[in-house]
Amino acid sequence: MAQIKQELINPGEAEQQVLQIVEAAADGIDMDALTALTAALQPIERQNAINGLLGSKKLTIQQAPGGVLRLKVNTGQQIGGTPEEQAIYSLIEESKTRGIWIRELRDGTGLNQLQLRKTLRSLENKKLIKTIKAVGTTKKCYILFGLEPDMSLTGGTFYSDQQLDSELINTLISVSGSYANSRRKHAIDSNPNDIQLQREASYIRPQEIADFISEKRVLNVPLSVEDLEKILDVAVLDGTIERRADGKIRACPPRVSASPLVSVPCAVCPVVEDCRPGYSISPETCQYMKQWLDGL
Ligand code: SF4
């Protein structure tokens with residue numbers, strides 16, 4: 001009986017085949033799919049090709065949710081550590097400035113809790129990664145050492161050490177109000193006889209205030225117009241600033257304080273008709289009158 005001898009493919013060609021298939025899969029490929037797409041390879045050839053590509057760091061292997069192993073093209077930085085360190089580092093690197101939770105690292109690498117913590121500690125000691133406590137949570141998140149965390153983790157400009165910086169907010173409200181007030185005063189002085197022009201000239205674009213705050217270095221970090229808009233929203237609610245439909249703002253006219261006469265108790269007194277100086281009901285003996293006078 002004639003024997004058919006199956007010819008083995010050159011190892012370099014096998015690696016090339018596997019690499020091209022994995023490169024074509026943006027989210028990586030699992031072993032079953034790879035086997036189906038490389039049916040012409042003997043199992044040993046396929047396994048050797050995968051091992052060769054993992055060894056030369058051209059591919060990485062990751063565990064998808066559900067425990068399925070996937071091969072991916074290695075686009076990350078090589079840190080020259082253990083395979084566990086490299087796997088964790090690559091996942092953290094992929095998360096960019098959003099960071100990654102420890103549970104996602106465990107699911108992504110398949111490492112147990114002990115291995116995971118040991119490897120994370122080693123990467124932290126090597127100053128390759130750092131932990132961030134996200135605002136509003138006690139959970140730790142990992143990010144590459146040299147990166148600044150995303151605003152969704154830090155809370156943005158108005159948070160300091162995960163706390164809302166109310167002092168900074170009040171300072172910015174005050175600076176914005178002063179700027180708008182000085183513009184309003186200038187508009188009145190420049191157009192003494194034209195109320196319409198005074199009003200128009202007192203409106204400011206928020207970008208102008210943001211530029212002023214940046215120029216005067218009121219903050220150590222750049223203030224975006226989006227952040228300033230939030231500050232101006234508070235000032236609008238306080239009634240110190242008003243905003244019109246095109247987004248421009250202006251300082252509200254100073255509030256006129258009410259005359260004390262408005263609150264004189266006699267205005268609502270049920271016995272006002274019987275109240276006379278020297279009588280049993282009189283202003284001299286009235287507790288309400290005394291309190292009102294004390295408050296003036
Ligand atoms: S002085 Fe007192 S009692 Fe007399 S009218 Fe005023 S509130 Fe009424």
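In strand S3, which residue is the bridge partner of Ile-29? The partner is Leu-71.

## Model and domains

This is a predicted model, in which local features need pLDDT of at least 70 and side-chain atom pairs count only at pLDDT 80 or more, while totals for chains, interfaces and linings use all residues. Residues are numbered from 1 along each chain as its sequence is written.

The protein chain is assigned domain 1 (8-74), domain 2 (76-155), domain 3 (163-251) and domain 4 (260-294); such bounds come from an automatic or database domain assignment. Between the C-alpha centres of domain 2 and domain 3 the distance is 41 Å.

## Sheet S1-S3-S2

Three strands form an open sheet in the order S1-S3-S2, with antiparallel pairing. S1 and S2 are the edge strands, each with a single partner strand, so one side of each has no neighbour in the sheet. Strands (E, at least two residues) and helices (H or I, at least four) are DSSP runs numbered from the N terminus, and two strands pair if DSSP finds at least two bridges between them.

S1 (residues 29-30) is joined to S3 (residues 69-73) by two bridges. Five bridges connect S2 (residues 59-63) to S3, again antiparallel. In the latter pairing, Leu-59 has Val-73 of S3 as its bridge partner. In a regular strand the side chains alternate between the two faces of the sheet.

## Sheet S4-S6-S5

Another open sheet of three strands has the order S4-S6-S5, and its pairing is antiparallel. Strand S4 (100-101) and strand S5 (129-133) stand at the edges with a single partner strand each, so one side of each is left without a neighbour in the sheet. Two bridges link S4 to strand S6 (residues 140-144), and Ile-100 has Tyr-142 of S6 as its bridge partner.

Lys-96 is found in the loop between helix H4 (83-94) and S4. Its phi is near 50°, a positive value in a residue other than glycine. Lys-127, in the loop between helix H6 (113-125) and S5, also has a positive phi, near 55°. Most residues other than glycine have a negative phi, and most peptide bonds are trans.

Exposure is counted from C-beta atoms placed from the backbone: a residue is buried if 20 or more others lie within 10 Å of its own, exposed if 12 or fewer, and partly exposed in between. Lys-96 is partly exposed because 13 other C-beta atoms lie within 10 Å. Lys-127 has 9 within 10 Å and is therefore exposed. Lys-118 lies in helix H6 and, with 13 C-beta neighbours inside 10 Å, is partly exposed. Lys-118 and Glu-85 are 33 residues apart in sequence, yet 9.6 Å apart in space, C-alpha to C-alpha.

## Nonpolar core

The largest nonpolar core has 13 residues. A core of this kind is a set of buried Ala, Val, Leu, Ile, Met, Phe, Trp, Tyr and Cys residues joined through C-beta atoms within 7 Å. Those with the most contacts inside the core are Ala-180, Ile-209, Leu-228, Ile-231, Leu-232, Ile-241 and Ile-249. At least two core residues come from each of helix H8 (166-190), helix H10 (206-215), helix H11 (225-238) and strand S10 (249-251). H11 gives the largest share, four residues.

Not counting residues up to four places away in sequence, Ile-241 touches Gly-177, Ala-180, Leu-232, Ala-235, Val-236, Ile-249, Ala-251 and Cys-252. Contact requires C-beta atoms, placed from the backbone, to lie within 7 Å.

## Val-225

Val-225 lies in helix H11 and is partly exposed, with 15 other C-beta atoms within 10 Å. With residues up to four places away in sequence left out, Val-225 touches Pro-206, Gln-207 and Ala-210. Val-225 and Gly-247 are 22 residues apart in sequence and 12 Å apart in space, C-alpha to C-alpha.

## Ligand surroundings

Around the ligand are Pro-265, Cys-266, Cys-269, Val-271, Val-272, Cys-275, Ile-281, Pro-283, Cys-286, Tyr-288 and Met-289. A residue is near a molecule if its C-beta atom, placed from the backbone, lies within 6 Å of it.

By class, this shell has 11 nonpolar, no polar and no charged residues. Ala, Val, Leu, Ile, Met, Phe, Trp, Tyr, Cys and Pro count as nonpolar, Asp, Glu, Lys and Arg as charged, and the others, Gly among them, as polar.

Key:
Contact = placed C-beta atoms within 7 Å.
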